[in-house]
Amino acid sequence: MTAQPGATAPAPRHATDRVPIASYDDYRDAERAVDYLSDQGFPVQRTAIIGRDVQLVEQVIGRLDLGGAALRGAGSGALTGLLIGWLFALFNWFTPVLATLTLALYGLVFGAIVGAIFGLVAHALQRGRRDFASVRAMTPTRYEVVADAEVADEARALLAKLPAESGGA
């Protein structure tokens, strides 16, 4: 999301100031509706897209054994070590190129080793209670487009003319 030069965020409005003008199952449809309002010259700064009925979805991506725990820990530790090594290398002004590469490499190796150890320890402390890896996300089940009460009727009238989306892409 990018802002226009010189644009400022509008002051937050209370839920009572706004009324629903449309509801969609998909965020892209809600976004398309607001884009259509914008194309029609409607003051879209008086609208908002609100996700409703938020639910936690935890997608299990596989088993997690000792090897996987060590590998995940090594990966995150290596990235952290690489970054820290690179930051320390920035302050070495005598041999900057060689120092940067050397310290970054040492940081990567040290971080991977420490990360693997922490990954193994953390997995062992779980004692088999969570032997799987997962990714969590908060997802709304529907999206409401709301507008200020003063302009809600105009927005509804414009959205009634919104052409149906063609199924090309």
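## A walk through the sheet and its helices

Let us begin with Ala137, which lies in strand 3. Please keep in mind that this is a predicted model. The C-alpha atoms of Ala137 and Gln55 are 8.3 Å apart, although 82 residues separate the two along the chain.

Now widen the view to the sheet. Strand 2 and strand 3 (residues 132-148) run antiparallel and are joined by 15 bridges. Within this pairing, Leu56 stands opposite Met138 of strand 3. As background, the strands of a sheet pair through backbone hydrogen bonds, in either a parallel or an antiparallel way.

In what order do the strands of the open sheet come? There are 3 strands in the order 1-3-2, and the pairing is antiparallel. Strand 1 and strand 2 (47-63) are the edge strands, each pairing on one side only. From one strand to the next, the twist averages 35 degrees. Helix 1 packs on this sheet and touches strand 1, strand 2 and strand 3. The direction of helix 1 makes about 155 degrees with that of strand 2.

Over in strand 1 (residues 18-24) we find Arg18. With a relative accessible area of 17%, which falls under the 20% limit, Arg18 is buried. The side chains of Arg18 and Asp148 are joined by a polar contact of 3.0 Å.

The two residues whose accessibility we have looked at are set side by side here.

| Residue | Relative accessible area | Class |
|---|---|---|
| Arg18 | 17% | buried |

Finally, turn to the helices. How do helix 1 and helix 4 lie relative to each other? The axes of helix 1 (residues 27-39) and helix 4 (residues 152-160) come within 10 Å and cross at roughly 105 degrees. That angle lies in the range from 65 to 115 degrees, so helix 1 and helix 4 are roughly perpendicular to each other. On the helix 1 side, Ala33, Tyr36 and Leu37 take part, meeting Ala155, Leu158 and Leu159 of helix 4. The residues of this contact divide into 6 nonpolar, no polar and no charged.

Terms used:
Residues numbered from 1 in each chain as written. Predicted model: local features only at pLDDT ≥ 70, side-chain atom pairs only at ≥ 80, totals over all residues. Heavy atoms only, no water. Axes fitted to C-alpha atoms, helices over the stretch in contact; angles between N-to-C directions. Helix = DSSP H or I, 4+ residues; strand = E, 2+ residues; numbered from the N terminus. Parallel < 35°, antiparallel > 145°, perpendicular 65-115°, else oblique. Contact = heavy atoms within 4.5 Å. Nonpolar A, V, L, I, M, F, W, Y, C, P; charged D, E, K, R; others polar. Buried < 20%, exposed > 50% of the residue type's maximum accessible area, 1.4 Å probe, protein only. Polar contact = N/O pair within 3.5 Å; in protein donor to acceptor, adjacent residues only side chain to side chain. Pairing = 2+ DSSP bridges.
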